[in-house]
Amino acid sequence: MTTFKVEPVPGCEDEIVEEFSRLSLPCANGFASMLDILEENDPSLNDRCGQLADQFELYAVPLPDCPRRVLILSIDQKASGFPRWIHGTLPVSEKACERGSRIAIRQFGLVDPTWEKRQ
């Protein structure tokens, strides 16, 4: 079975650790569980937000035991091993994907990237 690297964008580790520390216990447990799941499984296509910069597939993945938050995750389609980058969590909303894309753009240091939103 393939194991994928699941971690924060390099240089953004402190931001993710700080956010994790502010989550409620059930949400923190759901966050940790989801990271374990994503090491061996692909996120659901139902959770796909779109493609960023013709390279990153962005997802808003529901957290187990935390129905009001989603994990913002991207998969690098061009890198060896298809690493999964953790961008943080957001409240569940119609705008979670758009907000998640802005976080990913900032964390990756992208300038005016393409954004192909899921239809």
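Modeller: Strands E3 and E4 form a hairpin with two residues between them, and in that turn aspartate 65 has a positive phi of about 60 degrees; strands here are DSSP runs of E, at least two residues long, and helices are runs of H or I with at least four, both numbered from the N terminus. This is a predicted model, in which local features need pLDDT of at least 70 and side-chain atom pairs count only at pLDDT 80 or more, while totals for chains, interfaces and linings use all residues. Residues are numbered from 1 along each chain as its sequence is written, and side-chain values use heavy atoms, with hydrogens and water left out.

Strand E3 (residues 56–63) pairs with E4 in the antiparallel sense over eight bridges, where pairing requires that DSSP finds at least two bridges between two strands. Along this pairing, valine 61 has leucine 71 of E4 as its bridge partner, and phenylalanine 56 stands opposite aspartate 76 in E4. E4 also pairs with strand E5 (residues 84–91), again in the antiparallel sense, over seven bridges, and there arginine 69 has proline 91 of E5 as its bridge partner.

Eight of the 11 residues of E4 (residues 66–76) are buried, so the strand is largely enclosed by the rest of the structure; buried means under 20% relative accessible area, exposed over 50% and partly exposed in between, with a 1.4 Å probe and protein chains only.
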